[in-house]
Amino acid sequence: MLGVLVANGVDRVFLVPGESYLGLLDALNDFPSLSTVTCRHESGAGFMACADGRLTGLPAVVMVSRGPGATNAAIAVHTAQQDAIPLILIVGQVPSNTLRWEAFQEIDYQKMYAPMAKWVFEATDPAQLPEMAFKAVRLATSGTPGPVVLVVPEDIQQQPTTLLQWTARPHVPTLPTTEVVDEVLALIDAAERPLIIAGGMFERPHGREALLAFAEAWQIPVAVSFRRHDVFPNDHPLFVGDLGLANPQFQLDAFHSSDLILALGTRIGDITSQGYTFPRLPVPPQAVVHCYADAHPIGLHFEPRIGIVCDTAALAVALTPAHPPEVKPLRGAWLEKLSAVHQRIARWPDFLPQPDGVNFADVVRSLSKQAPRDAMVCLDAGSFAASVYRSFGFVYPQRLMSPISGAMGYGTPAAIAAQLRCPDAKVICMVGDGGFMMTGNEMIAAVERNLPILFIVANNNCYGSIRIHQEVNYPGRHAGTTLSNPDFARIADAFGIRAETITRADQIEASVQRGLAANVPYLLHVVSSLAVILPARGD
């Protein structure tokens with residue numbers, strides 16, 4: 001089983017040890033090329049694997065014990081499904097002779113994981129192990145990448161079997177027929193107000209370059225799908241923003257006025273489609289070309305003029321002419337309109353000083369000015385991140401690592417995995433006080449391995465995102481969102497991490513500079529204002 005995974009490029013395993021898979025733990029000793037990352041909670045192990053799988057495009061492997069371990073790891077399965085990340089979760093199981101006897105910690109994982117996973121398989125014979133691993137690799141990486149769950153009863157983990165090293169071959173990239181390509185080109189040529197919605201499929205090798213060349217050749221504005229900011233340079237004149245959680249109506253009105261939408265490499269899910277309102281259902285008023293490598297999302301909610309199941313980057317190359325074509329004169333005015341809208345949104349906010357802490361957007365602004373070209377920003381979920389999505393301005397090789405699933409607790413584990421995978425990059429983890437108390441313990445790995453991650457904890461003593469919703473829907477009534485927090489700088493010190501606390505705006509610039517320059521783990525504890533993010537209340 002492990003031999004098949006190694007033969008297919010797996011070089012790292014994230015785990016929390018458990019007695020139900022002692023045989024697999026022992027087998028790790030026989031594969032020295034497999035780096036083992038021991039984690040403190042299964043959700044942390046799972047989030048690390050999600051980040052690693054996104055960076056490599058290969059299946060990331062998580063190992064957990066049955067019952068409690070498997071339930072703790074469920075958040076990673078959901079995140080991998082939502083984020084289209086290749087993931088293999090291996091769960092130790094009760095002995096095969098007690099399956100479905102309601103044994104200690106037994107769960108039927110087919111029932112548990114089926115709505116989230118691409119495939120769930122429970123082995124009953126050791127001869128099945130190599131084949132199940134081989135199929136898991138193929139399923140996790142094909143079509144829409146996603147999670148696969150392999151369940152291995154403890155009594156078949158160390159049985160004699162033939163060591164096999166099958167290697168999965170990637171599918172050959174497909175392209176539509178010449179007639180379909182010509183039809184798309186005709187739509188592009190005729191359009192006066194075209195818009196590209198660029199998704200995560202462009203994260204693959206050469207994808208960003210193909211997207212950039214295509215957009216520049218035809219002078220088409222590019223909006224990125226939900227949290228895929230780094231697929232297109234945010235400082236490019238053709239970049240017109242993202243489709244995220246809080247797009248203002250004036251921007252959506254501008255997008256709606258397009259006469260051609262090229263949705264490329266995106267599933268056009270709930271958030272990107274603004275609650276399934278853009279494009280309008282079921283038949284959009286403008287022509288829509290929807291291209292994705294999997295047939296399932298195409299036509300799922302709205303009817304495209306042309307739906308194409310193929311490799312997105314290859315389609316972009318096929319649509320890029322050898323010589324720049326003449327484009328409609330009105331396209332320049334269209335670009336100016338969308339650019340002006342984006343610049344209005346991306347402008348750094350100016351707030352009056354608040355008595356309860358600094359404006360965290362000022363920390364993000366300082367980071368955006370000082371971050372190196374190879375910065376990898378790992379974001380947890382929370383209101384503190386809003387200014388990153390709105391104003392940071394990612395230019396590849398800078399990366400935005402943020403969960404499409406919106407899962408809290410992602411930031412710290414993702415930063416560990418990102419620094420392990422990209423040791424020469426500068427990894428920055430930004431996390432709120434709520435998310436940090438969920439999985440912040442995983443930062444001990446940064447100490448163990450001397451990973452020079454800059455951790456930034458935004459502390460407003462609140463689940464801020466939910467408090468905002470409470471103030472909008474139930475003003476002045478906010479049960480359940482106030483937090484009592486420890487001293488995060490002292491926690492970092494106890495972990496062996498250098499730390500400092502920011503309480504004033506005039507401390508930000510120098511503190512960020514020290515954190516970025518550190519060649520050891522470093523933590524900035526930011527006492528951030530809650531008042532500055534809450535909606536204004538009328539008299």
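Hi everyone, let's start with helix α7, residues 129-141: its buried residues are Leu129, Pro130, Met132, Ala133, Phe134, Ala136, Val137 and Ala140. Please keep in mind that this is a predicted model. Those buried residues of α7 pack against α1 (2-7), β4, β5 (119-122) and β6.

Helix α7 has 13 residues, and at 1.5 Å a residue it should span 18 Å; the C-alpha atoms at its ends lie 19 Å apart, which agrees. Just after α7 comes glycine 143, with a positive phi of about 60 degrees.

Now on to helix α5, residues 74-83. Which of its residues are buried? They are Ala74, Ala76, Val77, Thr79, Ala80 and Asp83. This buried set packs against α3 (42-56), α4 (68-72), β4 (87-93), α6 (109-113) and β6 (147-153). Just after α5, alanine 84 has a positive phi too, of about 55 degrees.

Six strands make up an open sheet with parallel pairing, and their order is β14-β13-β15-β16-β18-β17. At the edges sit β14 (399-401) and β17 (498-502), each pairing on one side only. On average, neighbouring strands here are turned by 15 degrees against each other, ignoring direction.

Zooming in, β13 (residues 376-379) pairs with β14 in the parallel sense over three bridges, and valine 377 stands opposite leucine 400 in β14. Finally, helix α13 (residues 360-370) packs on this sheet, where α13 touches β15 (427-432), β16 (454-459) and β18 (522-527). The direction of α13 makes about 160 degrees with that of β16.

Technical notes. Residues numbered from 1 in each chain as written. Predicted model: local features only at pLDDT ≥ 70, side-chain atom pairs only at ≥ 80, totals over all residues. Heavy atoms only, no water. Pairing = 2+ DSSP bridges. Helix = DSSP H or I, 4+ residues; strand = E, 2+ residues; numbered from the N terminus. Axes fitted to C-alpha atoms, helices over the stretch in contact; angles between N-to-C directions. Contact = heavy atoms within 4.5 Å. Buried < 20%, exposed > 50% of the residue type's maximum accessible area, 1.4 Å probe, protein only. Expected span 1.5 Å × (residues − 1).
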